[in-house]
Amino acid sequence: MSLAPRQLPASRKLVLASAQDRRAIENSAIEHLVRFIDPGVPDITLFRNTFPLLAIAFSNETEAALKTTLASIRRLKTIPEISLLRLDQGNSERDFALIQALLSGGVGQLASFSASIASELTLLRREREALLENYRALEDAFQAKNWEPLTEAFAHDPYVDPKDEGIGQLLSKSFIDQLLPVSSHGVAGIALHMNFVPKSAGELCVTLSYVESDETIMEWIVDYKNLVAEWNYFSLSRACGGSAQTLRLRVSTSGSETIGLSLGYPIASERYTIRSETEHPDLDMRPLAFRVYTGVPGVAPVLTPNMIAPTDVSDAPRIQNYHLPVDLLKQTADVSVRTVIPDFETVNFLEHENALMCHPVPGGITAGAISGALEAGTVSVSVSAIIDHPEGRPAAVSILLAPANEDPRPRVEEAGRSGSNSPSSVFSGWRKVGPGNPVNINIQLDEPLPGPMNLVVLSGAIGDSVDFSWLKISDFRIAKQAVSLAGRGKTHVQQ
Amino acid sequence: MSSSEDPSDLIVVAMPLYGHAALAMEAIQSVLSSNTPNCRLEIVVSVDGDIRNETFDLLLLYAAAYPQIHVVFGVNAGPGGARNRAIDFVLEELPDARAIYFLDADNRVLPTTIETLYKALVSNECGWVYTNIDTFSVSWRSHYGNRYSRLVHCITDNICDTGSMISMEVFHSGVRFNDDRQNGFEDWEFWLSCIEHGFVGMPCHDTTFEYRLRAESRFKDANRDRAASESFLKKRHKALYQRPTLVDFEHEECPRYMFMRTEDGSLSCFTDPNKPRRTMLLDDLIAEFWASIGEPDNVHFPPFVMAGSRATLDLLQGSRMLPGILAHLESLSEKANVVFVHLSNDRQQREISSTLHDSGAQNIPPADLIFLSTALIRDVISNNALDWFSSIAADQVWPTLAVLNVCFPYPRKLPRRSLISPQQVVLNCVNAVASSSFRQMADKRWTWRPMRFMPYSELYKALRRELGGSPVLPLGHNQGGKRTAALLVPNASFGGAEKVIYAAAGELRAAGYETHLFVLGTTRMDVIDEFEKSFDYLHFWDEGIPAWGSSGLFVGQDFISEDHPMDWQPLKGLLSGFDLVVNNHVMAVHPLISRLRSEGARTACYLHVIDSTVFQRPAGQPYAAIAHEHCYDAFLTCSEQLKTYLHSFGVPFEKTFAVPNCASFSVTPALVSEVMSQRRMEGQDRRLRLLYMGRLDRQKGIDRLSAAIGQLRASGVPFEAVAIGGEILADSAVSWSDRLREQGVVVRPPVFSSNDLIKALGWADILVMPSRWEGAPLMIAEAQQLGCVPIATDVGAVGELITHWEDGILIDAPTDVGVVTELVSTIREVANNRQKLAPVVEGCLRSAQRRSWSTSFASFIGWCDDTVVNSSAVRPKSRATDETAYRGVVAAE
């Protein structure tokens, strides 16, 4: 449908005149603009495609009748006061030409211009709505200190029915659609489960789109070699914003071998089961196995490190955000520097809390080193610390990064000597911590680490007493920049 | 919509405009930006007397720039009126339009909205297509269900925004918006009109539109006065809100019952047992059961489950009691976990009785049918209580149990019984559901928009609330398009009042009505062959219905008021939705009559007699009825005398039909001739034969009879006497049976069959009726038709049935002594001179020939034909009867 602005349409009437004056107007330059009013009509209650800007009369009688008509038009409320122009019959050609030029040409020209302005204004209004909504969302997140980068909004686990034949062939010949059971608002990525990935050449094509507006949001075309068995995270380049809509995932493959895209448990909600143009017994009441995440785009979920960037932004840096593995924490070594050896363990792993205990002692620094904790590419480290006893004395806590394959004690000693509260690229600075009020300690690196480093946690006494200063350090979160694994695609999902 | 989508199809966006001058631009612009490669688009803006000149300027410029934009300026008429002006414009100026999409001037469409909705409209061949609602500015969203239900739309809320794509067929059929300003829900009202015209909607979740929501809106205003607005809707669409219509919707869209057949495990769903049932496979049952838990607003699962054999269901269907029994089962399932139904054959009576058993009941006879709620099955599965539940098929039943015994006359030929017990079939299904792989995901809702509808399986409760009754009689409109009549009696034995109402039902049925007998106050009825065909349905309910009550006094007479401490719910649930209700002495129903009438029923009250207390105060049913006079459209009386009496209490003559009573059984001319020739053959030499028939109590004047017999014996009058009847009321210290026997009277127990009545009346020369008060006893007409001369006290309307010494003899004396004296002298006179009786016998036969129930009820039936609205005729067109067969619906087996 073409909706380009045109000249003033012929059916629009801009001038009112009495039907008794019809002869004077017939065949004139303005005849197509005139709506004739029958003299017998006392009241005007309805106008169709009539926008009276002017009324004209050629006699006293028609002028009087028109005045009555114009008075009745006031009942319509919307139409502004209309000027009544008295013309001379037989001597009005110039008047007609003038009216025609002003109304037909002027209004048409103005309308054409205003149409383009209106179109632009509408877009601006829409953008303003989105900006205001987003501004508020950001402000709320800021106020709430809600910095959790990624949240799992929905998960449907893989399920293997012994009778499953696999839908690899189906994906190579056709496509499947999966509606996602979450609002699009804030969605940053989707994880799909593969029960096997072939080694030969081939591509998996995934398209994410809005159902209601039918817009494509993002597309991933991935070489099989860049996929791993189990979960693969398809990250969006920016989280879905604007109005909340339903998301549709369309998946297909190309290549000689088929891929083992996993299906989930059967569900009774038919609308959310896989749809395909080709029937397949595995698809009966089954959705895909998938997970949906909201939050910061470009951050992979902890347990799904294989992140795939969208096809058009696959070169952009990606951030992996994860917790330090428990196995590493278990191997924490006591690298304390102190003059007196206490008769209890000051550094140990708390089995059920996945945390480290780092009890301060007077006259020294208690330190635990986690060897090889930080991989190349790490851009930030953060931990949470608290005195885990209601009567515990406050203590000082910090973290530092130490080169791998090097004794960290000299750096621990140096940190103890400096007593600095100022953070650096390898030292968080000392923070005071007490019971009941956890503190966050973090190090932001200007550049990603070029190689692996050790992470050291430190504690020191404040004042004379360290009674019950059971300093617990937990929530070891690492952000690491990774090189993209996704290949650049060239074909769209089969249609 | 019946044709396929065509690229040249014209779709019109109609936009009422008032008060949104500054926002209309966005609405128009969103339409102009629509992506509609497969259809043409035009816009009609209907300005509703908007006071802003800015609106004029805006629309002038748009109309000047775009030929596809049309503008109608009109005086303020409200949103309904403005939309109607747009519709008229489309019909007159754009006659090739295929559909209209209504877009409010403050809302917006997405580029795909129009095209997607039109595709859905064409492919679904429905009246309109609607979307979920997502609002902006104030963010809110809601899921409007995966399927359309007229029942949901009528009784819960408006489930379709006006922002819907509507087929032009809707407007060609005359549907318009109501522009009454009292109507706060003009959009909801519009959809109800569509439903009335046989159109249905269809949801489309593949697109949406942008609904601007502000903190305050017209919709919020309307909701503040929701009760008044809903009342307006219901008054305007009365036909939609009647029980048969709503039950039909329920039957087609969210059936109340699932029936599991024992013979083959087949499954079917229904509400109205007379309508085609939706069959389903066990696989579907499992899927729907679990889906209804996770997505209760999208998927329906019947709230009640029953199992039995086909023979059982056929028997119940044939008994004409099935709808009422289903209501009983619903009620019992709320008192016990499981209900067992036992059927038995009884040729003399119909009866329903129930007993409740605690957990652990033993020695329960095998059930013919079992009934339970789906909620129990859900609990059993979620609590892993299958072992507990399985005991329903064991000797000791651990769920609490109700047993419903139903007896009625069976047909001669019975189908074979099933070899599988109903319990086993239910257990098989429940086990299959519990072990399904769907269980794993049952608690997860996949539809992400918040739920707006109530769960489908709860709709039967919403229906109860809507009708103000519980349980709701599961009967929709009858398939024959007949008017329906409910005839109410407090008991159903052999009383004259019951027989008259049976006769009335017979006449109504002959006149084309579907007739329902409601026995309210007892759960049994005697079988009377003569009236077996008077009723299409028989319903019983006694729980909580008092025979008499005194929560109010009217001219010193008791009546039951609305405040009476009784459960009105069952009565309302059973009686709602009939075209005609005839109350025959059911006192507890009077307070309900006004509500039934306001729902569309025509109401009549049948009165037979004014009773008398021991102090001779006039009393009885007429007074409670007169207290409710304005609720009744008509009164029926057995006599002109009672009609006049009612008039004296303010009941207009025109409102009252005096219906002369006739015999409760008919006799053929051959039989009359046989009886008369027998009388003639026996000649006049034998002793005079006296017959008394009726209760042996004070009202019937049994003491007078005894005294008269004594005097006749003492004076040596030759006669023999038979008294047939029982001491039912036992209002005397003496046994009248014994007393009469001592007086040489043969006393026999009551007889009820027409054959026994004919035998007794054919034997007797005289029927003696010394009653203290009567209405218009049927017995007089019955005696007359067999040439047995009635000698009766001139009480009540007896004088209207007997013309003195022409077709009977009247005893008219003010005192008991006077009555006895006159009775004795009359009997003596005819005993001594049998010739005197002969012309009276002939007169009896002549009178009997003149009488018939058809003649008696003719005026009343004529009134009914003129005034009783046939709700079945104005019901909305049913999808199930369309040639576009409702998916899954098959003919009832």
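Tutor: Before we look at this predicted model, one cut-off is needed: a residue is called buried if 20 or more other C-beta atoms lie within 10 Å of its own, exposed if 12 or fewer, and partly exposed in between.

Student: How far apart in space are R128(A) and E270(A), C-alpha to C-alpha?
Tutor: Along the sequence, R128(A) and E270(A) are separated by 142 residues. In space, taken from C-alpha to C-alpha, the separation of R128(A) and E270(A) is 38 Å.

Student: Which element supplies the largest share of the side of chain A that touches chain B?
Tutor: The contact between the chains involves 48 residues of chain A and 53 residues of chain B. On the chain A side, β3 (46-48), α3 (93-144) and β7 (176-183) each supply at least two residues, and by class the residues of that side divide into 26 nonpolar, 12 polar and 10 charged. The largest share, 12 residues, comes from α3(A).

Student: Which residue of β3(B) does R48(A) stand opposite?
Tutor: Strand β3(A) pairs with β3 of chain B, residues 69-74, in the antiparallel sense, and 3 bridges connect the two. Within β3(B), the residue opposite R48(A) is V72(B).

Student: Which are the edge strands of the open sheet of 8 strands?
Tutor: The order in this mixed sheet is β3(A)-β3(B)-β2(B)-β1(B)-β4(B)-β9(B)-β6(B)-β10(B), and its neighbouring strands are turned by 20° against each other on average, direction ignored. Inside it, β6 (residues 128-130) and β9 (residues 165-167) of chain B run antiparallel and are joined by 2 bridges, with W128(B) opposite I166(B). The strands that pair on one side only are β3 of chain A and β10 (201-203) of chain B.

Student: Why is one side of β5 and of β8 in chain B left without a neighbour in the sheet?
Tutor: These strands belong to an open sheet of 4 strands with mixed pairing, in the order β5-β11-β7-β8 of chain B. At the β8(B) end, β7 (residues 133-137) of chain B runs antiparallel to β8(B) over 3 bridges, where T135(B) has W140(B) as its bridge partner. One side of β5 (108-109) and one side of β8 (140-142) have no neighbour in the sheet because each of these chain B strands stands at an edge, with a single partner strand.

Student: How are α11(B) and α16(B) oriented to each other?
Tutor: The axes of α11 (residues 282-294) and α16 (residues 422-434) of chain B come within 9 Å and cross at roughly 55°, in a right-handed crossing. Angles of 65 to 115 degrees would count as roughly perpendicular and those under 35 as roughly parallel. The helices α11(B) and α16(B) are therefore oblique.

Student: How many nonpolar residues does the contact of α11(B) with α16(B) have?
Tutor: From α11(B) come L282(B), L285(B), I286(B) and F289(B), which meet C429(B), A432(B) and V433(B) of α16(B). No polar and no charged residues are found in this contact, and the number of nonpolar residues is 7.

Student: What percentage of the residues in chain B is buried?
Tutor: Chain B has 31 helices and 39 strands, and its C-alpha trace spans about 115 × 65 × 50 Å along the principal axes. Of the 893 residues in chain B, the buried ones make up 54%.

Note on methods. Residues numbered from 1 in each chain as written. Chains lettered and ligands numbered in written order. Predicted model: local features only at pLDDT ≥ 70, side-chain atom pairs only at ≥ 80, totals over all residues. Contact = placed C-beta atoms within 7 Å. Nonpolar A, V, L, I, M, F, W, Y, C, P; charged D, E, K, R; others polar. Pairing = 2+ DSSP bridges. Axes fitted to C-alpha atoms, helices over the stretch in contact; angles between N-to-C directions. Parallel < 35°, antiparallel > 145°, perpendicular 65-115°, else oblique. Left-handed = near helix turned anticlockwise from the far one by under 90°.
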